[in-house]
Amino acid sequence: MATDNIMKVNLKVWRQAGPKEKGGFVTYENVETTPDTSFLETLDILNESLIEKGQEPIVFDHDCREGICGMCSLYINGHPHGPATGATTCQLYMRRFKDGQTITVEPWRSAAFPVIKDLMVNRNAFDQIQQAGGYVSFNCGGAQDANAIPISKVDADEAMDSATCIGCGACVAACKNGSAMLFVSAKVSQFALLPQGRVEAAKRVKAMVAKMDELGFGNCTNTRACEAECPKRVSISNIARLNREFICAKLKD
Amino acid sequence: MATIDSKIPEGPIAEKWTNYKAHQKLVNPANKRKLDIIVVGTGLAGASAASTLAEMGFNVLNFCIQDSPRRAHSIAAQGGINAAKNYQNDGDSVYRLFYDTVKGGDYRAREANVYRLAEVSNNIIDQCVAQGVPFAREYGGLLANRSFGGAQVSRTFYAKGQTGQQLLLGAYSSLNRQIKAGKVKSYNRYEMHDIVMVDGRARGIIAKNLVTGKFERFAAHAVVLATGGYGNTYFLSTNAMGCNCSAAIAAYRKGAYFANPSYVQIHPTCIPVHGDKQSKLTLMSESLRNDGRIWVPKKIEDAKRLQKGEIKGSDIPEEDRDYYLERRYPAFGNLVPRDVASRAAKERCDKGFGVNNTGLAVFLDFSEAINRLGIDVVRQRYGNLFDMYEEISDVNPGEFAREINGVKYYNPMMIFPAIHYTMGGLWVDYELQTSVKGLFAIGECNFSDHGANRLGASALMQGLADGYFVLPYTIQNYLSDQITVPRFNPDSKEFMDAQKKCEADEDALMNIKGKRSVDSIHKELGHIMWEYVGMGRTKESLETALKKLKELRKEFETNLFVPGTKDGMNIELDKAFHLKDFIVMGELIANDALNRNESCGGHFREEYQTEEGEAKRDDENYFYVGCWNYQKDDNTEPELLKEPLKYEAIKVQTRNYKS
Amino acid sequence: MSNSCLSSIGKKLIMSISGLFLVLFLLFHMSMNVVAIFSGEAYNAVCEFLGANWYALAGTLVLAAGFVFHIIYAFILTIQNRKARGVERYACQEKPAAVEWASQNMLVLGIIVFVGLGLHLSQFWYKMQFAEIAGVTGNQFGVADGAAWMNYWFGQLPVVILYLVWFVAIWFHLGHGFWSALQTIGWNNKVWIDRWRCISNIVTSVIFLGFAAVVIAAFIKSL
């Protein structure tokens, strides 16, 4: 099958051999695909053809291809995760594009996310921020019964909405300031809304913000680009909560 | 011949784990600091084990192939996690969860392990809530539950449709705390290539830094594999693109038995394959079967016209639809276990009733639910899944299509079974230790708890049970006499030799310099596996598969092409390394399936079925765990060892989902 | 550099508090100006009251400090933000529909506002409060004759156009700045964000209309 409605696109892809090498765009013309094929599968098709020619394939991060692991990135035609809203790159299908269209594919651009190779970037900074305080200090084995702490459904649902962040970095990629506030605020909010997390809320928010600043992320100027491009639609109300938590924590010092 | 000792503790089933813990050897806190443990993998099992071991005081080295521990494929689990809390007061208990799991597994699981799993299931929920996992709640503030296939009680805890994600992020948060405390050293974008043996014990690993392309040596007192399943042997599966079985196969080559490889779960509700360029199959949550009805046309003419694209599913009126699951299994209907539902779909498609252009799809229809509950309620329950389906296939299942004789019909979804989970895995004893001393396997990587078929919402339970509550205890029984063993030098001969072997293997792959890409050979492997070792297997098909796999290995060894060099990052080289092991895995699956002259759970041999087409077990001859022992090289057929199953608490019966 | 003195949120907080203070000042200034539409004498009385008195001077100093902080921190933040963005820029970029144009151009708008402010200070403050303090004499009009100054400047069409451009820049700058400041302070959530944006639009528009009305009224009178 897949012969009935073949489409061709031109892929203008950023190629960069290594972190220190100079990169540049290479345009691959007339890549054959179908509207039912996903964008990443189209890159697979292109890669297969490159390998056939003895060339090295384009390197890009991807794993689950179900929109949940947060591994895939790519800045496609001016949008992180491409033109579809509320979806990751791996959930983007070619029917979003026109036959003959040129599609520009770039890596995340941010000082805190250096390019490793081609379209792959290093997002280790996100792990470091989580390590600074994105947890409840609690050892396995000592927990009370799960129903011992009632939590209002409203709070639990809101915590879930914050916790839905997949850590892909689209917020940083979309932000003209390279700010990680949406990412940090999602984790801070999740714990701030739950009684388990309240105990060390002040310590957590200070530690995570300090780490975020240290790693060279920019400052939030409330442009809301992060929220608009977030594949999981995490709200900037989390950022307001982060600010609130942070200011209160500092005032308590 | 090696004897198989599963080390099941004495006593009645309900007391075994308590007895074990009461009598096992422990390591005191001062000594824990002197011991290092390598944990490979950061999924639910790996991350929970690494963090818990570190909390106890061990030094942990933790590896993952992704850019962050949070990306492991446990994250993609949608539905939920089972526990015997009985919060809903519907008669649940540890025993009932144990019983349902053993029955769901078609009586091929090890009783004692499953009972322990059911026992610790409640602790998992407590642990996760304390970590801040935002489980769904009722308005009163207490935890909510939903029901799932294969059970008559509501025991599944969930966090929207993202339970796996939330549980994994919980484990990841604990792991992060230990990384910050310096107790866990985290190695991201590293892949284990081999296990280093010193005096017959696993003492370290050789791992490749995927960014620099260099091999590095790591030593420890014990090695834990939490590297997931081998579903990607079939090329197309619901597994992540990076999922592979190379770590498990490395262990197998070092003498760890591979148990029950033929037990592969095929999930009934996946989006059908759309073309040969496809790289991955997408799962639609099992929860859809709560309100969706599965059908194909009654008349073969209708099916033919559907296949040609002349009519649509919504053009076929109620009386011409065959709701085959409801017809065959009146008691469980659309909620039969996964293996049963998958086989029934295959049976219809084999008879020519498939509903898409390839003839390999059935309908999942919400018309009845929408007419009964209204579109709003249905969208509230499944809206995100409908959207996901629409994004992929350009059809909106909630959209009104047409009215025939006063009945409103909505666009149905098309679904087809796909490889999803592997019940088989490295053989482990009650302590989760493989047949190699000092080498442990947890989570999907081992074989222990699901028998021949896994029930929904049990994978998360098993991964976390192993990582949080079982391994951190049982590994101490092994480590207690290791406290005087000094740290190993990773520059010693054994380590250097192992690294040289890894480098030589890599050179060999680079030097084939043939014509075919890794994916093209992998697709061929997948085709052989799906065609001959898939949902319905016969003696002939399996023999054909083994023959074709031999040829495929030859093709791989002589005609593979890997572009680039081995310095720095080379994604094709890494894929080639996986593919080599997938071929070994394919042979293991086929060999085990050929040996097992019965049908049970995920393993269906067409020669062994009842008149109604149900799986026919042979408890007299095959009531055992099939353990495969590696012989001198990949080309030599492995030796089969048997661990007989002993059931004390449960009476072995024929599974019945009809009445 | 300034990471060590203040966290990112701390710096933002200074921006938002100084910004809100300046919004308050504009509201006050605008209400004062509106008086001029109705009566030049009344307006001059206000000017008289805000001459070189100690309280008016103190107010001016605080106000100047507000501006200085707001501007300095704007530059510190912008420099950091540009650094955080990295050296390589996107070749192809598209603004999501939900993103306000103003929010991405606050610095440019701020600079326009600042230049306009320079013009404004030289035309009014320098001739009035400053002249009074410095004891400068010999200007066309008296230091407290605000109405006369207004009629003089706003009788010239180019000045009117410059002022209107300036007000539009202020309108854009405040339109984002006002709700953004409240978001930074943390006084926001999913419900309040729309309310704040609505209030923000009203306040900004009132300021804009008030100032513009005075200028246009003066121009019309001069015809």
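## Who touches whom

Between chain A and chain B, 41 residue pairs are in polar contact, both residues at pLDDT 80 or more.

Q: Where do those pLDDT values come from?
A: They come with the model, which is a predicted one.

Q: Which elements of chain A give two or more residues to the side that touches chain B, and which gives the largest share?
A: The elements are helix H1 (39-52), strand E6 (115-117), strand E7 (120-121), helix H2 (124-133), helix H3 (153-163) and helix H5 (181-192) of chain A. The largest share, six residues, comes from H3(A). Sorted by class, that side of chain A has 34 nonpolar, 19 polar and 18 charged residues.

Q: What makes Asp394(B) and Arg95(A) a salt bridge?
A: Their side chains meet at 3.6 Å, N to O. The rule asks for a Lys or Arg side-chain nitrogen within 4 Å of an Asp or Glu carboxyl oxygen, so a pair like this qualifies. The rule finds seven salt bridges across the interface of chain A and chain B.

Q: How many residues are in contact between chain A and chain B, and what area do the two chains bury?
A: On the chain A side, 71 residues are in contact with 77 residues of chain B. The two chains bury about 6,400 Å² between them, with 54% of it on carbon and sulfur atoms. Why quote an area at all? Because the size of an interface is often given as the accessible area lost when the parts come together.

Q: How do you know that chain B and chain C are not in contact?
A: Contact needs heavy atoms within 4.5 Å, so that is the test to pass. No contact joins chain B and chain C, and their closest C-alpha atoms lie 19 Å apart. Two pairs of chains do touch, and the most contacts among them are between chains A and B.

## Chain A meets chain C

Q: What does the contact between chain A and chain C take from each chain?
A: It takes 47 residues from chain A and 40 residues from chain C. The area buried there is about 3,500 Å², and carbon and sulfur atoms give 53% of that. On the chain A side, Arg109(A), Asn219(A) and Asn222(A) lose the most area to chain C, together 18% of what that side buries.

Q: Why is the pair Asp161(A) and Lys190(C) called a salt bridge?
A: The N to O distance between the two side chains is 3.9 Å. The cut-off is 4 Å, so the pair counts. The rule finds one salt bridge across this interface, along with 24 residue pairs in polar contact, both residues at pLDDT 80 or more.

Q: Which element gives the largest share of the side of chain A that touches chain C?
A: That's H9(A), with eight residues. By class, this side of chain A has 23 nonpolar, 16 polar and eight charged residues.

## Two domains in chain B

Q: Where are the domains of chain B, and how far apart are their C-alpha centres?
A: The domain assignment gives domain 1 (270-418) and domain 2 (495-621). Their C-alpha centres lie 32 Å apart. Even so, 12 residues of domain 1 of chain B are in contact with 12 residues of domain 2 of chain B.

Q: What makes Glu614(B) and Arg328(B) a salt bridge?
A: Their side chains meet at 3.2 Å, N to O. With a limit of 4 Å, the pair is therefore a salt bridge. The count between the two domains of chain B is one salt bridge.

Q: Why is Arg65(A) called buried?
A: Its relative accessible area is 6%. Arg65(A) sits in the loop between H1 and strand E3 (75-76) of chain A. Its phi is near 55 degrees, a positive value in a residue other than glycine.

Q: And is Phe235(B) buried or exposed?
A: Buried: its relative accessible area is 13%, and the cut-off is under 20%. Phe235(B) lies in the loop between strand E9 (222-225) and helix H7 (246-253) of chain B. Phe235(B) is not a glycine, yet has a positive phi of about 60 degrees.

Note on methods: Residues numbered from 1 in each chain as written. Chains lettered and ligands numbered in written order. Predicted model: local features only at pLDDT ≥ 70, side-chain atom pairs only at ≥ 80, totals over all residues. Heavy atoms only, no water. Buried area = accessible area lost by both parts, 1.4 Å probe. Polar contact = N/O pair within 3.5 Å; in protein donor to acceptor, adjacent residues only side chain to side chain. Helix = DSSP H or I, 4+ residues; strand = E, 2+ residues; numbered from the N terminus. Nonpolar A, V, L, I, M, F, W, Y, C, P; charged D, E, K, R; others polar. Domains from an automatic or database assignment. Buried < 20%, exposed > 50% of the residue type's maximum accessible area, 1.4 Å probe, protein only.
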